[in-house]
Amino acid sequence: MADPTYDRKEQFQQIQSGLLPGEQIIAVYDAVGAGTGFIGLTDRRVVIQDRSFVGKRYAITSIPYAKITSVSVVSNKSWGGSFFSTGAIAIHVGTHTYEVEFRGAQKSHHVHNVILHHIS
């Protein structure tokens, strides 16, 4: 497996500290906007840091790929441009949707493709 990609070493280390035996990190990307701190992709699951809790609390949420029903590219523009012209995705898990926005469309493209690979 190739070396993992990551934006911030402390986020990578946080994901690394919670790995299951034999689990490998694919990528850890910093998120922008309110609520989400970062997203991590392993060969077994998606890990999202959710900073939207009251009282400066946050949660690290693990989502097994088998529980993800779909992944979407999110845009506030028409479909006139490129499919990955935006830097945001939505991960649908049951009735809940996690929206993650990145700095740059390249990261959203990578996250989308890794998740799609694991759920299809």
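Helices (H or I, at least four residues) and strands (E, at least two) are DSSP runs, numbered from the N terminus. Two strands pair if DSSP finds at least two bridges between them. In this structure, β7 and β8 form a hairpin with two residues between them. The model is predicted: local features need pLDDT of at least 70, side-chain atom pairs count only at pLDDT 80 or more, and totals for chains, interfaces and linings use all residues. Residues are numbered from 1 along each chain as its sequence is written, and side-chain values use heavy atoms, with hydrogens and water left out.

**The sheet**

- Strands of a sheet pair through backbone hydrogen bonds, either parallel or antiparallel.
- Here three strands make an open sheet in the order β6-β7-β8, with antiparallel pairing.
- β6 (70-74) and β8 (96-101) are the edge strands, each with a single partner strand, so one side of each has no neighbour in the sheet.
- From one strand to the next, the twist averages 20°; axes are lines fitted to C-alpha atoms, for helices over the stretch in contact, and angles run from 0 to 180 degrees between N-to-C directions.
- Helix α2 (residues 105-119) packs on the sheet and touches β6 and β7 (contact means heavy atoms within 4.5 Å).
- The direction of α2 makes about 160° with that of β6.

- Strand β7 (residues 88-93) pairs with β8 in the antiparallel sense over six bridges.
- Ile89 stands opposite Val100 in β8, and Val93 has His96 in β8 as its bridge partner.
- In the turn, Gly94 has a positive phi of about 60°.

**Aromatic pairs**

- The structure holds two aromatic pairs; rings of Phe, Tyr and Trp (its six-membered ring) pair if their centres lie within 6.5 Å, and planes under 30 degrees apart count as stacked, over 60 as edge-to-face and the rest as tilted.
- Tyr6 and Phe12 form a stacked pair, 4.7 Å centre to centre with 25° between the planes.
- Tyr29 and Phe102 form an edge-to-face pair, 6.1 Å centre to centre with 80° between the planes.
- This pair links distant parts of the chain: Tyr29 lies in strand β2 (residues 25-30) and Phe102 in the loop between β8 and α2, 73 residues apart.
- Both Tyr29 and Phe102 are buried.

Notes
Buried < 20%, exposed > 50% of the residue type's maximum accessible area, 1.4 Å probe, protein only.
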